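Take a look at the aromatic rings and a few loop residues below.

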Amino acid sequence: QVQLVESGGGLLEAGGSLRLSCAASGASGDTFRTYLMAWFRQAPGKEREFVAAISRSSIVTEYADSVKGRFTISRDDAKNTVYLEMSSLEPEETAVYYCAADRRFAFSTTKRESEYYYWGQGTPATVSS
């Protein structure tokens, strides 16, 4: 069983930057590297949406169109951690940001929420105008 714990959320002004982290436990270093990792977010009153994903060995990354060029997903397999660097944040990006993982994928990514088996509890990010 894999547990995911997000951190790094907070309150910031529009145009600011934030770095989120997701630490995975219950998987050894050799296992974590095989997981597809992703970030999703859920704004108040809206459905959860895909933000970014990174395949095993960081070979493939995928981003939602709305965050391309502003967000960067990365992973450190030695630390069992995946990151989301966010910049030029806008108030409408206020949301709870969730980390997700699945090991069924080899060197590919998916935007589909239903494909991810493991989920964290989320970390909130509030962007003020």
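Buried means under 20% relative accessible area, exposed means over 50%, and partly exposed lies in between. Trp-119 has 24% relative accessibility, so Trp-119 counts as partly exposed. Bear in mind that this is a predicted model.

**Aromatic pairs**

A pair of aromatic rings is described by the distance of the centres and the angle of the planes. The whole structure holds six aromatic pairs. Two of them are set out here.

| Pair | Centre to centre | Angle of planes | Kind |
|---|---|---|---|
| Tyr-35 and Tyr-118 | 6.1 Å | 55° | tilted |
| Tyr-116 and Trp-119 | 6.3 Å | 70° | edge-to-face |

Where do Tyr-35 and Tyr-118 lie? Tyr-35 is in the loop between helix H1 (29-32) and strand E4 (36-42), and Tyr-118 is in strand E10 (residues 118-119), so their pair ties together parts 83 residues apart in sequence. Tyr-35 is buried at 4%. Tyr-118 is buried too, at 14%.

Tyr-116 is buried, with 4% relative accessibility. Ring pairs join Tyr-116 and Trp-119 with Phe-40 and Phe-50 in a cluster.

**Charges over rings**

Arg-48 sits over the face of Trp-119, 3.9 Å from the ring centre. Arg-75 sits over the face of Phe-32, at 5.0 Å.

**Two serines with positive phi**

Most residues other than glycine have a negative phi. Ser-58 has a positive phi, near 60°. Ser-58 is in the loop between strands E5 (49-54) and E6 (61-63). Phi of Ser-88 is also positive, near 50°. Ser-88 belongs to the loop between strands E8 (81-86) and E9 (95-102). Ser-58 is partly exposed at 35%, and Ser-88 is partly exposed at 37%.

Terms used:
Residues numbered from 1 in each chain as written. Predicted model: local features only at pLDDT ≥ 70, side-chain atom pairs only at ≥ 80, totals over all residues. Heavy atoms only, no water. Helix = DSSP H or I, 4+ residues; strand = E, 2+ residues; numbered from the N terminus. Buried < 20%, exposed > 50% of the residue type's maximum accessible area, 1.4 Å probe, protein only. Phe/Tyr/Trp six-rings, centres within 6.5 Å; stacked < 30°, edge-to-face > 60°. Lys NZ or Arg CZ within 6 Å of the ring centre and 35° of its normal.
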